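I opened my notebook next to the model and looked things up one at a time. Here are the entries, in the order I made them.

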Amino acid sequence: MGTAGRSVRESLLDAAADLLVERGYRAVRMRDVASAAGVSRQTVYNEFGDKWGLAQAVVIRDNERYLDGIDAVLSEHTDLYSAVVAAVMFTLETSADDQLKKAVLTGAGGDEMLPLLTTQAEPVLFSASARIAEHALRQWPDLDRAALTEIADAAVRLTMSHIMLPSGPPEVFAHFVARMVTCYMAAPAGHRGPGAG
């Protein structure tokens with residue numbers, strides 16, 4: 001199945017993502033993923049360890065694809081405020097159309113996967129915050145690294161909360177996050193609280 005530029009791992013992740021959306025976490029079996037990808041069940045176990053490891057890998061890959069989109073969105077803007085607005089809007093629009101995230105967030109087929117984006121989401125949240133901060137620092141090298149890292153993490157967590165429980169229209173929320181980020185970045189270090197750069 002690794003032909004035509006697609007690795008066995010990618011084929012397994014594609015199959016698993018489709019099945020997770022279609023059936024929910026509880027109903028997906030490793031043998032179903034193996035069958036859909038045209039490999040043995042042992043291959044799935046060798047690659048991911050267990051079903052939770054497979055689900056985690058699917059969510060992390062989905063997140064990486066989303067972050068590629070965020071990189072592109074951030075690159076289109078020359079000022080931090082408009083870049084944040086665009087990134088938040090992209091996130092909200094992408095999440096609205098993302099069947100995998102919907103399945104995870106709504107608990108389709110059981111809420112077993114919800115911790116991947118909530119209580120056990122550190123790998124996803126950390127990689128999102130870190131990558132967004134690194135991109136912003138490349139684009140705006142004069143920004144304070146410590147402050148940007150802190151506010152990027154807060155913005156990502158706040159946006160994740162908004163996805164799960166919207167607190168108003170997307171545009172209003174996007175501008176709120178942009179104000180929060182730019183105000184925080186403009187504040188003197190002593191006014192940002194403990195741990196700020």
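**Entry 1: a pair in H8**

I began with Asp 153 and Arg 157, which are four residues apart in helix H8 and so separated by about one helical turn. Helices here are DSSP runs of H or I with at least four residues, strands are runs of E with at least two, and both are numbered from the N terminus. The general rule is that an α-helix has 3.6 residues a turn, so residues three or four places apart point the same way. Asp 153 and Arg 157 form a salt bridge, and their closest N and O atoms are 2.9 Å apart. I count a salt bridge when a side-chain nitrogen of Lys or Arg is within 4 Å of a carboxyl oxygen of Asp or Glu. Asp 153 counts as partly exposed because its relative accessibility is 24%, and Arg 157 counts as partly exposed at 33%. For these words, buried is under 20% relative accessible area, exposed is over 50%, and partly exposed is in between (1.4 Å probe, protein chains only).

A note on the source: this is a predicted model, where local features need pLDDT of at least 70 and side-chain atom pairs count only at pLDDT 80 or more, while totals for chains, interfaces and linings use all residues. Residues are numbered from 1 along each chain as its sequence is written, and side-chain values use heavy atoms, with hydrogens and water left out.

**Entry 2: other salt bridges**

How many salt bridges does the structure hold? I find 11. Arg 23 and Asp 32 meet through their side chains in one of them, at 2.8 Å from N to O. Arg 23 is partly exposed, as its relative accessibility is 35%, and Asp 32 is partly exposed with 21%. Another salt bridge joins Arg 131 to Asp 68, with the closest N and O atoms 2.3 Å apart. This pair links distant parts of the chain, since Arg 131 sits in helix H7 and Asp 68 in helix H4, 63 residues apart. Asp 68 is partly exposed, at 44% relative accessibility.

**Entry 3: the whole chain**

I stepped back to the overall layout. The chain has nine helices and zero strands. Of its 197 residues, 44% count as buried. Among contacts with a separation of 6 or more, 67% are between residues 24 or more positions apart; contact means heavy atoms within 4.5 Å.

**Entry 4: the cores**

Which residues touch the most other members of the largest nonpolar core? In this core of 31 residues, they are Val 84, Val 88, Leu 148, Val 177, Val 181 and Met 185. Helices H4 (51-75), H5 (80-97), H7 (122-139), H8 (145-164) and H9 (170-186) are the elements that give two or more residues to this core. H5 gives the largest share, eight residues. By a nonpolar core I mean a set of buried Ala, Val, Leu, Ile, Met, Phe, Trp, Tyr and Cys residues joined through side-chain atoms within 4.5 Å.

I then checked Val 177. Leaving aside neighbours within four places in sequence, Val 177 is in contact with Val 84, Val 88, Ala 155, Leu 158 and Thr 159. Apart from this core lies another, of 20 residues, including Ala 16, Val 33, Leu 54 and Ala 55.

**Entry 5: helix H9**

Which residues of H9 are buried? My list is Phe 173, Ala 174, Val 177, Ala 178, Val 181, Tyr 184 and Met 185. They lie on the same side of H9 because they cover an arc of only 140° around the axis, the arc being that of the directions from the helix axis to the C-beta atoms. H5 and H8 are among what covers these buried residues. The face turned away carries the exposed residues Val 172, Cys 183 and Ala 186.

**Entry 6: the annotated region and Arg 9**

The unreviewed UniProt entry places a "DNA-binding region" at residues 29-48. UniProt positions are in the numbering used here, feature names are shortened, and annotations may be inferred rather than shown by experiment. Residues 29-48 are 80% helix and 0% strand, with their end C-alpha atoms 13 Å apart.

Arg 9, in helix H1 (residues 8-23), touches Glu 47, Phe 48 and Ala 57, not counting residues up to four places away in sequence. Arg 9 counts as partly exposed, at 33% relative accessibility.
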